[in-house]
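These are my notebook entries on one chain. I set down what I looked up, entry by entry.

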Amino acid sequence: MATVQFNPFTPEAKADPYPLYRSLREADPVHHSPLLDLWVLSRHKDVTFVLKDDRFSADRRKSTNPLAVQARKLQEEGPFAQANTMLSADPPEHTRLRGLVGKAFTPRRIEEMRPRIQQIVDTLLDDVQDQDEFDLIEQLSYPLPVIVIAEMLGIPAENRAEFKRWSDDLVATLAGPGTTPDAIERAQSSAQEMASYFQAVIAERRKEPRDDLLSAMIAAEERGDVLSEEELLATCMLLLAAGNETTTNLIGNGMLALLRNEDQLDKLLGDPSLMDSAVEEMLRYDGPVQATARTADADVEIDGHTIEKGKMLFVLLGAANRDPAAFPDPETFDITRDDNNHVAFGNGLHFCLGAPLARMEAQIAFRTLFDRRGKPKLASDEPEWGGNFILRGLARLPLAFS
Ligand code: HEM
């Protein structure tokens with residue numbers, strides 16, 4: 001009987017969850033957590049197996065787990081009640097939703113944002129041009145993704161602060177057992193505000209379409225099928241919530257990894273062509289999304305354990321990304337790593353739709369910051385972690401430039 005316990009809610013695990021992942025992988029890779037009443041998978045091969053196998057459902061309504069019931073409460077009482085999003089849908093519903101949204105949120109539309117993302121990064125850095133020290137999170141990695149997605153959707157600039165608050169409130173409920181009733185209430189009221197706001201904008205765009213993502217989603221059609229009003233609304237909320245804190249955390253966690261591995265930072269500064277592989281390594285080494293969940297839709301055996309139908313699984317992306325069976329020297333941050341088969345964006349049907357956007361934002365942010373300011377130093381002793389167990393990220397990352 002393995003003795004390892006899965007408790008990701010301790011302060012130690014918050015600061016550094018990787019020793020816990022390592023003991024799980026080594027001692028009990030298909031672990032049953034009595035604490036959370038779910039299975040916890042930590043090996044790369046099991047994580048990819050579950051994400052690719054259609055006997056595991058992304059629809060949390062199928063689960064009997066208390067965490068899932070909590071999430072369901074939000075869904076049933078909030079504006080998500082009317083429509084599922086692709087993130088928690090299975091085929092054929094997932095195929096339909098992802099197909100329709102994918103007609104509007106295309107790689108081309110994302111690529112067209114490149115010059116604008118550059119401008120936004122430049123403006124954000126202009127604001128701190130005279131400061132030798134500033135907080136990277138506050139000044140760059142926090143505002144950047146919300147401005148980008150708001151502009152893509154076609155939302156007026158003056159509503160961005162609300163946008164950010166709504167999205168923060170929604171993702172705060174991902175803390176699992178740590179979620180307070182207060183946080184759930186805030187998320188519900190933010191969801192309501194967000195819904196009324198988007199309903200009004202959707203109505204405007206129906207009357208007068210513009211060249212924005214929202215109008216494109218309204219127009220998206222596949223053999224006579226279109227997104228319903230509720231689906232449009234839920235998708236706007238999904239894009240907003242899925243893309244904000246995650247991208248913020250990629251830039252923050254990635255910068256921290258560079259600062260803690262100065263040889264890698266120097267290497268990147270000396271050879272900017274390493275930027276693409278550096279960002280992939282940031283995603284692998286300390287990714288913004290540490291875990292996702294699935295529910296068994298049938299009894300399935302993994303490594304001699306039967307996962308019973310209805311049972312929930314935590315799929316530890318962050319643990320899979322440090323699995324020595326998948327990555328040589330997994331604990332080493334190596335920006336030149338090739339064959340970087342990380343699962344930071346998931347795998348299979350639900351592979352992150354926003355991955356090209358997140359990658360582009362991070363690459364532009366790092367390149368521009370280094371070009372303009374040179375080599376950063378960490379301006380505090382200990383970084384301050386915010387986020388929660390699922391979304392891993394820093395609350396503050398003060399940088400100093402000489
Ligand atoms: C570094 C930043 C990001 C990370 C690490 C990330 C991570 C992920 C992961 C792990 C999933 C799969 C979840 C699962 O299988 O249960 C996912 C799905 C998704 N992400 Fe991202 N994401 C990021 C940024 C974005 C952005 C910028 C957007 C859009 C604006 C976005 C939109 C989505 C959508 C729509 C899905 C659902 C796809 C589906 O269910 O088919 N993400 N993301």
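Which residue of S14 is the bridge partner of Glu 133? I looked it up and found Ala 400.

**Entry 1. Basis of the notes.** I am working from a predicted model, in which local features need pLDDT of at least 70 and side-chain atom pairs count only at pLDDT 80 or more, while totals for chains, interfaces and linings use all residues. I number residues from 1 along each chain as its sequence is written.

**Entry 2. The sheet with S14.** I traced an open sheet of three strands in the order S4-S14-S11, with antiparallel pairing. Its edge strands are S4 (133-135) and S11 (376-378), each pairing on one side only. From one strand to the next, I note a twist that averages 35 degrees. S4 and S14 (residues 398-401) run antiparallel and are joined by three bridges. For these entries, two strands pair if DSSP finds at least two bridges between them. Helices (H or I, at least four residues) and strands (E, at least two) are DSSP runs, numbered from the N terminus.

**Entry 3. The chain overall.** I count 17 helices and 14 strands in the chain. The C-alpha trace spans about 60 × 55 × 40 Å along its principal axes. The radius of gyration, taken over C-alpha atoms, is 21 Å, which agrees with the value near 21 Å for a compact globule of 402 residues. The globule rule is 2.2 Å times the number of residues to the power 0.38. Of the 402 residues, 45% count as buried. A residue is buried if 20 or more other C-beta atoms lie within 10 Å of its own, exposed if 12 or fewer, and partly exposed in between, with C-beta atoms placed from the backbone. Among contacts between residues at least 6 apart in sequence, 72% join residues at least 24 apart; a contact means that the C-beta atoms, placed from the backbone, lie within 7 Å.

**Entry 4. The five-stranded sheet.** I found five strands in an open sheet of mixed pairing, ordered S1-S2-S10-S7-S3. S1 and S3 (56-57) stand at the edges with a single partner strand each, so one side of each has no neighbour in the sheet. Helix H3 (residues 44-52) packs on the sheet and touches S1, S2, S3, S7 and S10 (312-316). The direction of H3 makes about 125 degrees with that of S10; axes are lines fitted to C-alpha atoms, for helices over the stretch in contact, and angles run from 0 to 180 degrees between N-to-C directions.

I then checked both ends of this sheet. S1 (residues 30-33) and S2 (residues 38-41) run antiparallel through four bridges, and Ser 33 has Leu 38 as its bridge partner in S2. Four residues lie between the strands of this hairpin, where Asp 37 takes a positive phi near 55 degrees. S3 and S7 (residues 291-296) also run antiparallel, with two bridges; Phe 56 stands opposite Ala 296 in S7.

**Entry 5. The core.** Which residues have the most contacts inside the largest nonpolar core? I list Val 47, Cys 236, Leu 313, Val 315, Leu 316, Leu 317 and Ala 365, in a core of 105 residues. Helix H13 (residues 229-260) gives the most to this core, with 15 residues. A nonpolar core is a set of buried Ala, Val, Leu, Ile, Met, Phe, Trp, Tyr and Cys residues joined through C-beta atoms within 7 Å. Leaving aside residues up to four places away in sequence, Leu 316 touches Tyr 21, Val 40, Leu 41, Ser 42, Val 47, Gln 290 and Ala 291.

**Entry 6. H13 against H15.** I read an angle of about 95 degrees between H13 and H15 (residues 275-285), with their axes 9 Å apart. The two helices are therefore roughly perpendicular, a term that covers 65 to 115 degrees. H13 contributes Leu 250, Asn 253, Gly 254 and Ala 257 to the contact, and H15 contributes Val 279, Met 282, Leu 283 and Tyr 285.

Glu 281 is also found in H15. Is Glu 281 buried or exposed? I find Glu 281 buried, with 26 other C-beta atoms within 10 Å. Beyond residues up to four places away in sequence, Glu 281 touches Phe 333, Asp 334, Ile 335, Arg 337 and Asn 340.

**Entry 7. Backbone notes.** The peptide bond from Pro 91 to Pro 92 is cis, with omega near 5 degrees. Arg 223, in the loop between S5 (221-222) and S6 (225-226), has a positive phi near 45 degrees.

Terms used
Two residues are in contact if their C-beta atoms, placed from the backbone, lie within 7 Å. Angles under 35 degrees count as roughly parallel, over 145 as roughly antiparallel, 65 to 115 as roughly perpendicular and the rest as oblique.
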